[in-house]
Amino acid sequence: MKLSRRDLIKLGLGTGTLMALGGRFAWAGDAGPELIHHTIPSSGEKLPAIGIGMRNYRTEWAENGLAQYRETIRVFHELGGRVLDTAPSYGDSESVLGGILEELGIREDLFIATKVDREGKEAGIERMEASLDRIGTDYVDLMQVHNLRDAAAQLDTMRA
């Protein structure tokens with residue numbers, strides 16, 4: 001059987017819903033399996049090797065409202081997940097994420113990554129600040145240069 005990306009996303013959302021309704025996998029037990037972690041060399045921080053990409057977390061694509069996204073992130077967090085990756089070019093996913101983080105009150109437990117995708121220093125700064133506003137936070141844990149667009153200017157800004 002061949003699964004499309006959309007089918008896998010639906011399966012993941014369905015699994016999150018099942019778990020929210022009290023279903024657990026046979027292996028889950030009290031704490032679930034030990035997650036695989038990797039260490040960030042520069043900081044020593046350990047992060048789970050898998051996260052959630054927020055590309056499809058858009059208001060316009062939510063079949064049943066944002067509840068399915070909120071529940072997926074809640075269960076992800078409950079099971080030890082920490083890494084969430086978004087970008088301003090992913091529709092309104094940064095705003096969706098910001099609302100969910102505010103509702104669940106779990107911002108400090110998560111490692112949030114987003115991206116900058118503009119040419120020029122000032123445009124890059126504006127884009128990064130707008131991302132922080134949409135996510136509703138003073139900082140993100142990882143700012144990336146999306147598609148290496150004007151990487152030299154954006155990296156200089158990030159270093160500063």
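Visitor: What makes the four strands E3, E5, E6 and E7 an open sheet, and in which order do they lie?

Guide: In this predicted model, the open sheet has the order E3-E5-E6-E7, with parallel pairing. Its edge strands are E3 (51-53) and E7 (142-145), each of which pairs on one side only. Neighbouring strands of this sheet are turned against each other by 20° on average, direction ignored.

Visitor: How do you know that E6 and E7 pair?

Guide: Two strands count as paired if there are at least two bridges between them, and four bridges join strand E6 (residues 111-116) to E7, the two running parallel.

Visitor: Why is Thr-86 called buried?

Guide: Buried means under 20% relative accessible area, and Thr-86 has a relative accessibility of 0%, so it counts as buried. Thr-86 lies in the loop between strand E5 (83-85) and helix H3 (93-104), and, leaving aside neighbours within four places in sequence, its contacts include Met-54, Leu-97, Ala-113 and Ile-135.

Visitor: Why is H4 called oblique to H5?

Guide: Helix H4 (residues 121-135) and helix H5 (residues 151-159) pack at an angle of about 60°, with their axes 9 Å apart. Roughly perpendicular begins at 65 degrees and roughly parallel ends under 35, and therefore H4 is oblique to H5. H4 passes H5 in a right-handed crossing; the contact is made by Lys-121, Gly-124, Ile-125 and Met-128 of H4 and by Ala-153, Gln-154, Thr-157 and Met-158 of H5. By class, this contact has four nonpolar, three polar and one charged residues.

Note on methods:
Residues numbered from 1 in each chain as written. Predicted model: local features only at pLDDT ≥ 70, side-chain atom pairs only at ≥ 80, totals over all residues. Heavy atoms only, no water. Buried < 20%, exposed > 50% of the residue type's maximum accessible area, 1.4 Å probe, protein only. Contact = heavy atoms within 4.5 Å. Axes fitted to C-alpha atoms, helices over the stretch in contact; angles between N-to-C directions. Parallel < 35°, antiparallel > 145°, perpendicular 65-115°, else oblique. Left-handed = near helix turned anticlockwise from the far one by under 90°. Nonpolar A, V, L, I, M, F, W, Y, C, P; charged D, E, K, R; others polar.
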